[in-house]
Amino acid sequence: MIQSYGFTLAKNGFSPETYCFEDTIIGWDYDVINAVMGPDSVFLEDSISNTRQPGNFEELLLCRLTLKPNVSIDSGIEYLLSVWKSELRYKNRTFEQINITTQNDQGTAHFLILSEHNAMTVKFVISLNRDSL
């Protein structure tokens, strides 16, 4: 059974009383933008919308992205996973959970990552470009 991300954070000692989620969210917000909007990005540059949610431990950062025309959801997820592995994930992680779901016109990639001193939950919602349908 998959435990909630919030439960896993608490079980590993990360709570609002012991950890400054706000600072981590701010840093991740900027890191995500820079990582997913690289020169080879499959996402429309002006489509990224990040929402900082310090009270929502399931998804401290919610990132919405729209794919460039003629790019599939599967290609978007594949690109995001490669960026996650090469640029976003903690190098010295102690725990990582990734949940991927896809539907016809949308995909989600939900991440929980822990290191000895840091923790983050990020949910990416990837949508097809409506103009290319």
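**Close-ups of a predicted model**

View 1. Leu114 has Ala119, in β5, as its bridge partner. This is a predicted model in which local features need pLDDT of at least 70 and side-chain atom pairs count only at pLDDT 80 or more, while totals for chains, interfaces and linings use all residues. Residues are numbered from 1 along each chain as its sequence is written, and side-chain values use heavy atoms, with hydrogens and water left out. Strands β4 and β5 make a hairpin, with three residues sitting between them. Their pairing is antiparallel and runs over nine bridges (two strands pair if DSSP finds at least two bridges between them).

**View 2. β5 and its partner β2.** Strand β5 covers residues 119-127, and strand β2 covers residues 61-66. These two pair in the parallel sense, over six bridges. Look for Leu61, which stands opposite Val122 in β5. Strand β5 is mostly covered, with seven of its nine residues buried (buried means under 20% relative accessible area, with a 1.4 Å probe and protein chains only).

**View 3. Tyr19 meets Phe21.** The structure holds eight aromatic pairs, and here is one of them: Tyr19 and Phe21 have ring centres 5.0 Å apart and planes at 75 degrees, so the pair is edge-to-face. Rings of Phe, Tyr and Trp (its six-membered ring) pair if their centres lie within 6.5 Å; planes under 30 degrees apart count as stacked, over 60 as edge-to-face and the rest as tilted. Tyr19 is buried, and Phe21 is too.

**View 4. Trp84 stacked on Phe111.** With ring centres 3.9 Å apart and planes at 20 degrees, Trp84 and Phe111 count as stacked, so this is a stacked pair. Trp84 belongs to helix α3 (residues 73-88) and Phe111 to strand β4 (residues 106-115), so the pair ties together parts 27 residues apart in sequence. Both Trp84 and Phe111 are buried.

**View 5. Stepping back to the whole protein.** There are three helices and five strands here (DSSP runs numbered from the N terminus: H or I with at least four residues for helices, E with at least two for strands). Follow the sequence along and the pattern reads α-α-β-β-α-β-β-β. The C-alpha trace spans about 45 × 30 × 25 Å along its principal axes. Of the protein's 133 residues, 44% count as buried.

Key. Buried < 20%, exposed > 50% of the residue type's maximum accessible area, 1.4 Å probe, protein only.
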